[in-house]
Amino acid sequence: MDTELLIRARELLENLTPLKTNCGLLCGGACCEADEDGQGGVLLFPGEAELLKGESWTEILPSPMPVNGIDYGMSVCSGRCDRSMRPLGCRIFPLTPVFTKDGRLKVRTDRRAWAMCPLMPAGIRGLYPDFVSAVQEALTFIAADPEGEAFLRAWQDLEGSYAESPFLL
Ligand code: SF4
Ligand code: SF4
């Protein structure tokens, strides 16, 4: 993966968040909490593990993706991080990439977010438009690299394996 593309993607989402104000105040930062069993983490994009090497707030664990075994590692944190270093997967949440049948890359809300994110019922239209545009642009940078595109497609397969919310029509 071209590190420059990865860094540009991360920078686009350095300061933008799903709402114009701090959405963590709505939920107590639920997406940073560990699962009930103390597990959970954020999949790292190709090359991110190298960027995070030496960061004391994260442990990088192996995490092969079910469909194709791609493994760039998973960041497991204690619910606190150096915000300027947080993974791209945290920066795009609660959105997820989706390639349309004609190969275009779009974004939509991530099925996995229903478990904890109070923004989900309002859907993508309820999110800060600048954030949505930045996620789209950031993922376009990632998809510009063949390794990045393969990773996004694996991410989409994984996300698609989760059940859709019963609230979604
Ligand atoms: S769970 Fe949703 S509302 Fe809460 S901090 Fe994460 S993105 Fe924001
Ligand atoms: S790395 Fe930071 S933003 Fe990501 S889950 Fe951990 S505390 Fe939350």
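**Close-up 1. The shell around ligand 1 in the predicted model.** Ligand 1 is surrounded by Cys-23, Gly-24, Cys-27, Cys-31, Phe-93, Met-116, Cys-117, Pro-118 and Leu-119 (a residue qualifies if one of its heavy atoms lies within 4 Å). By class, this shell has 8 nonpolar, 1 polar and no charged residues. Ala, Val, Leu, Ile, Met, Phe, Trp, Tyr, Cys and Pro count as nonpolar, Asp, Glu, Lys and Arg as charged, and the others, Gly among them, as polar.

**Close-up 2. The shell around ligand 2.** Cys-32, Trp-57, Cys-77, Gly-79, Arg-80, Cys-81, Pro-87 and Cys-90 surround ligand 2. They divide into 6 nonpolar, 1 polar and 1 charged.

**Close-up 3. The hairpin of strand 4 and strand 5.** Strand 4 (residues 95–99) and strand 5 (residues 105–109) run antiparallel, joined by 5 bridges (pairing needs at least two bridges in DSSP). Leu-95 stands opposite Thr-109 in strand 5. 5 residues lie between the strands. In the turn, Gly-103 has a positive phi of about 90°.

**Close-up 4. Packing of helix 1 and helix 5.** Helix 1 (residues 3–12) and helix 5 (residues 129–143) pack at about 175°, their axes 8 Å apart. The two helices are therefore roughly antiparallel (angles over 145 degrees). Helix 1 contributes Leu-5, Leu-6, Arg-8, Ala-9 and Leu-12 to the contact (heavy atoms within 4.5 Å). Helix 5 contributes Ala-134, Glu-137, Ala-138, Phe-141 and Ile-142. By class, this contact has 8 nonpolar, no polar and 2 charged residues.

**Notes.** Residues are numbered from 1 along each chain as its sequence is written, with chains lettered from A and ligands numbered from 1 in the order written. Local features need pLDDT of at least 70, side-chain atom pairs count only at pLDDT 80 or more, totals for chains, interfaces and linings use all residues, and side-chain values use heavy atoms, leaving out hydrogens and water.

Terms used:
Helices (H or I, at least four residues) and strands (E, at least two) are DSSP runs, numbered from the N terminus. Axes are lines fitted to C-alpha atoms, for helices over the stretch in contact, and angles run from 0 to 180 degrees between N-to-C directions. Angles under 35 degrees count as roughly parallel, over 145 as roughly antiparallel, 65 to 115 as roughly perpendicular and the rest as oblique.
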